[in-house]
Amino acid sequence: VSRTTTLSERVVARTSGWLGRRIGRRGFLVRTAVVGSALAAHPLRYLLRPGTAYAAIGCGPAASCGSGWTVMCCSINHGQNTCPPGTIAAGWWKADGSPFCSGPRYYVDCNATCSCGCGSSGICARECQNCGCRCNTGSCDQRAVCCNQFRYGQCHQEVRCVGAVVCRVVSCTPPWHFDPSCAPVSATSNATALHDAPCLHGSQAAVFAFGAAPDRGEPPGVLNAPIVGMDATPTGRGYWLVASDGGIFTLGDAKFFGSMGGKRLNRPVVDLATTPDGRGYWLVASDGGIFTFGNAKFYGSMGGKPLNKPIVGMAATPDGRGYWLVASDGGIFTFGNAKFRGSQGGRRLNAPIVGMARTPTGNGYWLAGADGGVFTHGDARFFGSVGLGTTSGAVDVASRPAGDGYWIAANVPPD
Amino acid sequence: MRDRARTLPVVHMASFPLPEQRDDFGGNVTAAMRSRDVFVTLFEYGTEAAHQPLFAKEGLPHVTAALFHANRLQRRRAGQVGFQEFFRVNGRAFCLYVVAGSRASLPRIVREVNAALATVRVSEPSP
């Protein structure tokens, strides 16, 4: 029986070689953790040992799935300490005496939304549950995901029913100060005061180069906001990274044409796409708002329009005279000369869509799910999917124009 | 005033000794429960919340064994099953949360919880 290597095995093999050339404390610990968990390459897991790296940073007590507590959102939401798509803040509690805050430490439960109606006692009907109970993997924060159908009840009280708790947002700021849906009625659980995760302490960007893609590094230091998207230059000798606060990082021959960093955003930036000549780029926010820089032209947006689900990614047409936006439910929105080639909207998804890429012709596109699933539309061909966990920290992939290599961008724990 | 947290009444009832310091929903006490034990929280959200859809049910709930499930717990523990209901009484919003030590004990626990709830009186909100 012939056996082809899987993408994950090829990536891990490349990575282990790359590690051998560029080994350092951060390089080894961080990259092995991320790649090992992101690609879930079981045969090589002993080589990469993701748990070792994260354990060195720490998750506090009761970090196992069996502890019965729910995972931190940043551990499953690409490093972002926010409610992920498909969830709402449904309640909060505080812990007194936590060493992580000068006052109380606050925890907001992000519960899954219902895909249809309510069942009994404020919970979605069984057929309307959007997520199943599982244990997080790939980080020392191995607490449960979607296992507790419990609601603290101070947030979004206008919503009669929700699904299970997907994850927890953690802050030293009272929830009603950053989420107006939350009432300031206090609940306390000091048992959680020491719960932690590496991603709660900021993140650094890491970029993995494969094939002919050159290693151009990543922005140094702890970032103000996690990386959410990347794109390659036309030459394939560099790339742009964009953070959720709209900050742009240029590596290699990528040029800077402006950013939203330091400016007020209604919603976080979720992706970027570059013009064909690399002399401009678009940023898209989760509400569908579009920001143009350099020679990128505005062809319309979803900003201010009702969306069933947030926008999570975008891709530009080959001539740069249009673009597609994709929402977490797989819905596609076209602008300029971008043609609709199908969508996942209205279909049941095992995991939300997190990104998209177009084919070289522009006559099709791939949609990627948070679980590593890939959906093809138009002339996009299916080449397989990988068992990416939703916990990986990997946030985007950019390929070289020649198709002979690609980069994976990730958020990783700080040194 | 939304600048400060408000702490409203919480009632705890249990069939086992409770520590003086306990989490509102029992996260630090349910580990001590035996299979025959029960822990009950009655948590108030105030008058402002009483008109919200989450608290649309009127009156203290009547508990039945069929309402309990292992996934209805704030903190999952092997063998335990839980129940949660939001409701309003006299213009005040509440949540009833019950943890049972085991499904096998539910018939007796349900009787005891309903008997205890029958003794609860919720006053009108103070002006």
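The contact involves 35 residues of chain A and 33 residues of chain B. The structure is a predicted model, and the values reported below are computed from it. In chain A, the greatest losses of area to chain B fall on A:Ser121, A:Phe150 and A:Gln157, which together account for 22% of what that side buries. The area buried between chain A and chain B amounts to about 2,900 Å², and carbon and sulfur atoms contribute 50% of this area.

Between chain A and chain B, 16 residue pairs are in polar contact, with both residues at pLDDT 80 or more. By contrast, the count of salt bridges between chain A and chain B is zero. On the side of chain A that touches chain B, the residues comprise 16 nonpolar, 15 polar and four charged.

Aromatic pairing was then considered. Over all chains, a search of the whole structure gives 26 aromatic pairs. One of these joins A:Phe150 and A:Tyr152, whose ring centres are 5.3 Å apart. The planes of A:Phe150 and A:Tyr152 meet at 85°, and the pair is therefore edge-to-face, the cut-off for this class being over 60 degrees. A:Phe150 and A:Tyr152 are both buried. A:Phe150, listed above for its loss of area to chain B, also belongs with A:Tyr152 to a cluster linked by ring pairs.

A:Tyr323 lies in strand 14 (residues 322-327) of chain A and A:Phe335 in strand 15 (residues 332-336) of chain A, so the pair ties together parts twelve residues apart in sequence. A:Tyr323 has 0% relative accessibility and therefore counts as buried. A:Phe335, at 9% relative accessibility, likewise counts as buried.

The loop between strand 14 and strand 15 of chain A contains A:Gly330. Because its relative accessibility is 0%, A:Gly330 counts as buried. Beyond its neighbours within four places in sequence, A:Gly330 is in contact with A:Ser343, A:Gln344, A:Gly345, A:Leu349, A:Ile353 and A:Leu367. The C-alpha atoms of A:Gly330 and A:Pro352 are separated by 7.5 Å, although these residues are 22 residues apart along the chain.

Notes. Residues are numbered from 1 along each chain as its sequence is written. Chains are lettered from A and ligands numbered from 1 in the order in which they are written. This is a predicted model: local features need pLDDT of at least 70, side-chain atom pairs count only at pLDDT 80 or more; totals for chains, interfaces and linings use all residues. Side-chain values use heavy atoms; hydrogens and water are left out. Contact means heavy atoms within 4.5 Å. Buried area is the accessible area (1.4 Å probe) that two parts lose on being put together, summed over both. A salt bridge is a side-chain nitrogen of Lys or Arg within 4 Å of a carboxyl oxygen of Asp or Glu. A polar contact is a pair of N or O atoms within 3.5 Å; within protein, one must be able to donate a hydrogen and the other to accept it, and residues adjacent in sequence count only if both atoms are side-chain atoms. Ala, Val, Leu, Ile, Met, Phe, Trp, Tyr, Cys and Pro count as nonpolar, Asp, Glu, Lys and Arg as charged, and the others, Gly among them, as polar. Rings of Phe, Tyr and Trp (its six-membered ring) pair if their centres lie within 6.5 Å; planes under 30 degrees apart count as stacked, over 60 as edge-to-face and the rest as tilted. Buried means under 20% relative accessible area, exposed over 50%, partly exposed in between (1.4 Å probe, protein chains only). Helices (H or I, at least four residues) and strands (E, at least two) are DSSP runs, numbered from the N terminus.
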